[in-house]
Amino acid sequence: KSFGLFLTVLPLYFLTLCFVLGPLLYMIALSFATRGDGSSVVWNFTLDNYRKIGEPVYLQSFVQSFQLAFTSTGLIILLGYPFGILHGKALSQMEKRMMLLIMVPFWISSLIRMYGWIIILQAKGVLNGILMKLGILEEPLKILYSYPAVVIGMIYALLPFLVLAVYSSAEKWTGHCLRRPGIWGQMEYRHFLTVTFKLTLPG
């Protein structure tokens, strides 16, 4: 019986090794190689690539990457956590509709979705057109290919994953404490900190 179970998960392990671990090991091997002509690689062992990490251009890239990561993560939590909680507490019919809103973007190619954001954020795009017609702006904002545009793209791409993770935790407790904030006669914020937040923290 255990051998049969092993056979069912064997393809998953194979795909993980080939398409996740394999590229990571190849990237580590490349980090010790030498650049050749053009895009070629010369397999001469060197540590020069790691010595260059301390150069200002790379340090700046690291700082910007961490800044982008923390900014995107913070905004995703602020936007996605409440939605995940509401999703887990919603009635069955509303829950299906909310799940549909989360899953529909995954049915569309990521390339098409990102191109849609280009259309929205460009100088003559939808967003600037609406803001200028409303009289909020006199000239278009230059959002595209800027830091805020990258943050918007990160939020759009990763928000559904956080919502689904929080929803999976909240949905387990739907029939227990999450539906009844006054179960112990506490204020709602106290209930959130002592019950809801702790129960959904794994997600």
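Predicted model: local features only at pLDDT ≥ 70, side-chain atom pairs only at ≥ 80, totals over all residues.

Modeller: Leu30, Ala33, Thr34, Arg35 and Asn49 lie nearest the centre of the largest pocket, whose lining comprises 17 residues. The volume of this pocket is about 400 Å³. Three elements, α1 (2-31), β1 (34-35) and α2 (48-51), each contribute at least two residues to the lining. Sorted by class, the lining holds seven nonpolar, seven polar and three charged residues.

Turning to the helices, α5 (residues 110-121) takes part in a contact with α7 (residues 147-172), their axes coming within 11 Å and crossing at roughly 140°. Because of that angle, α5 is oblique to α7. The crossing of the two helices is right-handed. On the α5 side the contact is formed by Arg113, Met114, Trp117 and Leu121, and on the α7 side by Ala149, Ile152, Gly153, Tyr156 and Ala157. Of these residues, seven are nonpolar, one is polar and one is charged.

Helix α5 also meets α6 (residues 126-133), and here the axes come within 4 Å and cross at roughly 25°. An angle under 35 degrees counts as roughly parallel, and α5 and α6 are therefore roughly parallel to each other. In this contact, Ile119, Ile120 and Leu121 of α5 face Val126, Leu127 and Asn128 of α6. The contact of α5 with α6 contains five nonpolar residues, one polar residue and no charged residue.

Terms used
Residues numbered from 1 in each chain as written. Heavy atoms only, no water. Axes fitted to C-alpha atoms, helices over the stretch in contact; angles between N-to-C directions. Parallel < 35°, antiparallel > 145°, perpendicular 65-115°, else oblique. Left-handed = near helix turned anticlockwise from the far one by under 90°. Contact = heavy atoms within 4.5 Å. Nonpolar A, V, L, I, M, F, W, Y, C, P; charged D, E, K, R; others polar. 1 Å grid on protein atoms, 1.4 Å probe; cavity = no way out; pocket = protein on both sides within 12 Å on 5 of 7 lines; lining within 4 Å. Points joined across faces, edges and corners; volume = space filled by probe spheres on them.
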